[in-house]
Amino acid sequence: MTDDYLSRIGKLIRDARQHRGWTQSQLAEALGTSQSAVNRIERGNQNISLEMIARIGEALDSEIVSLGYAGPMHLRVVGGRRLSGAIDVKTSKNACVALLCATLLNAGRTTLRRVARIEEVYRILEVLGSIGVRTRWINDGADLEIVPPAELDLDAMDTEAARRTRSVIMFLGPLLHRMNHFRIPYAGGCDLGTRTVQPHMTALRHFGLEVTATDGMYHSAVDRSVAPTRAIVLTERGDTVTENALLAAARHDGVTVIRNASSNYMVQDLCFFLEELGVKVEGVGTTTLTVHGVAHIDRDVDYSPSEDPVEAMSLLAAAVITESELTIRRVPVEFLEIELAVLEEMGLDHERGREYAADNGRTRLVDLTVRPSKLQAPIDKIHPMPFPGINIDNVPFFAAIAAVAQGSTLIHDWVYDNRAIYLTELNRLGAHVKLLDPHRVLVEGPTRWRSAEMMCPPALRPAVVVLLAMMAAPGTSVLRNVYVINRGYEDLAERLNSIGAQIETFRDI
């Protein structure tokens, strides 16, 4: 082994020993060796066999080395620290992926500003690149330029990347205008239980799209003689369902009315982008959208997606859970007003600055300062509703907030089959979260947080909730395999460190 690898292995062993709370002498006793030998190993000054590494890992109950593949990313969190200063909210993950899908409508060049550099975006870019779309990061990686080819090569699609994101379902709306027959892989993403795509199919059938699902693929055929003859009523007021209907209507040469539409933040951003493409959209922010489609779109456009209200909620929760004073800048307050109203009733001490416009010129932003507060459990249950209710993705953060409040909080996550179950992972960090059924949990507060080592939940928001709780827990915690967090957050650990957290990213060698 090289000196570099010996040093890296030694550091992993030292960190695992310290996390276990052992001295070098205790580890030496477990291994049947001397304290000085352990000291040399940890300093990278002694050759070490794989057998010895395995014995150390078994003694410390920590996987030190993974063989045969690039190991997953983990986070080591030193908790119990107060946050301070200010942090900016990044652009919306959900808006960015919708806009990337929408670029398939345009024959011209699209420039998207301050795109979130997250795994979900990378997967969509891999899919776009595999079918012939040219994408490149510009302006030192801050912005993204997208140029489509004259003809897409769907047979070359990177199906592995496509299956790792649910956003690929939004290819259906644009592609039905480009070809009569095509196929895309089943949508993937977070493990949130059964999530039917039937509302998508029902909406797009109005544009002549028929889909057969076999062998892990959606096989699509388009009947060009079919067009909307009346208003499309969505059977689910879902965000991606609404976006798919909008994408299909954008290049339908006529007027399409979409009822029971989502008016959530990413849908509004998509509407604003479509207007840049020359598509008139009436009713933005309401549940009825009237789309004046354009048969052919060929424009060079420049658009700035707005900030992410769910990331803003994440940062707000981080301040509350760690009892910190923190200023969160560029908060899209229109999409957090209900959450803030609930938190005010719970006793949150906070201050809002004056409103100003986002770079898209439409979304209202504020700077929000959160201060340490004595919170009481809310009288009513916490449950999501379509905008303008509590955002579906913000519900899990209330579990961690409720854990530091006095009293009992009922949280009803009725949208997803599995997600509430993952909130019980907070119990390993000292919380008292009782699962009542697959959709409801009862949280008893306040909590005396404690450190733990655990696997990352396979759903994005509960995973971040666990990370935030680790930041509040005194001692050192380890969160293993955090790919799901990287799907939705850009450099989250580094950015939290900038305001006082102590989070180390590491991989098994």
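Reply: The structure holds two cavities of 30 Å³ or more. A cavity is a set of points on a 1 Å grid over the protein atoms alone, where a 1.4 Å probe fits but cannot get out. Grid points are joined across faces, edges and corners, and a volume is the space filled by probe spheres set on the points. This is a predicted model: local features need pLDDT of at least 70, side-chain atom pairs count only at pLDDT 80 or more, and totals for chains, interfaces and linings use all residues. Residues are numbered from 1 along each chain as its sequence is written, and side-chain values use heavy atoms, with hydrogens and water left out.

Me: What volume does the largest cavity have, and which residues line it?

Reply: Its volume is about 50 Å³. The lining is Ser92, Tyr265, Gln268, Asp269, Phe272, Ser306, Glu307, Phe335 and Thr363. Lining residues have an atom within 4 Å of a point. By class, three are nonpolar, four polar and two charged. Here Ala, Val, Leu, Ile, Met, Phe, Trp, Tyr, Cys and Pro count as nonpolar, Asp, Glu, Lys and Arg as charged, and the others, Gly among them, as polar.

Me: Where does the largest cavity lie relative to the domains?

Reply: Domain 2 (71-89 + 306-505) and domain 3 (91-301) both give residues to the lining, so the largest cavity lies between them. Domain bounds come from an automatic or database domain assignment. That assignment also gives domain 1 (1-58).

Me: How many residues are in contact between domain 2 and domain 3?

Reply: 33 residues of domain 2 are in contact with 28 residues of domain 3. Contact means heavy atoms within 4.5 Å. The centres of domain 2 and domain 3, taken over C-alpha atoms, are 29 Å apart.

Me: Back to the holes. What lines the second largest cavity?

Reply: Val77, Val78, Gly79, Arg81, Leu83, Met471, Ala501 and Gln502. The volume of this cavity is about 30 Å³. Strand 1 (residues 73-79) gives the largest share of the lining, three residues. Helices (H or I, at least four residues) and strands (E, at least two) are DSSP runs, numbered from the N terminus. The lining has five nonpolar, two polar and one charged residues.

Me: New topic. Which residues touch the most other members of the largest nonpolar core?

Reply: Phe171, Phe182, Trp449, Leu479 and Ile485, out of 151 residues in that core. A nonpolar core is a set of buried Ala, Val, Leu, Ile, Met, Phe, Trp, Tyr and Cys residues joined through side-chain atoms within 4.5 Å. Buried means under 20% relative accessible area, exposed over 50%, partly exposed in between (1.4 Å probe, protein chains only). Helix 16 (residues 460-472) gives the most to this core, with 11 residues. Domain 2 and domain 3 both give residues to the core, so it lies between them.

Me: What is Trp449 in contact with?

Reply: Leaving aside neighbours within four places in sequence, the list for Trp449 includes Ile321, Val404, Leu426, Ala469 and Pro474. There is also a second, separate core of 14 residues, with Ala16, Leu27, Val38 and Ile41 among them.

Me: And pockets? What lies nearest the centre of the second largest pocket?

Reply: Ile321, Glu323, Val404, Pro446 and Thr447, from a lining of 22 residues. A pocket is an open set of grid points with protein on both sides within 12 Å along at least five of seven lines. This pocket has a volume of about 440 Å³.

Me: Which peptide bond at Pro446 is cis?

Reply: The one from Gly445 to Pro446, with omega near 0°. Pro446 is in the loop between strand 20 (440-445) and strand 21 (453-455). A cis peptide bond also joins Phe387 and Pro388, with omega about 15°.

Me: What about Glu323: what is its phi?

Reply: Positive, about 55°, although Glu323 is not a glycine. With a relative accessible area of 45%, Glu323 is partly exposed. Asp491 also has a positive phi, about 50°, and is not a glycine.

Me: Last one. Is Asn264 buried or exposed?

Reply: Buried, because its relative accessibility is 7%. Not counting residues up to four places away in sequence, Asn264 touches Asp239, Phe335, Phe387 and Asn391.
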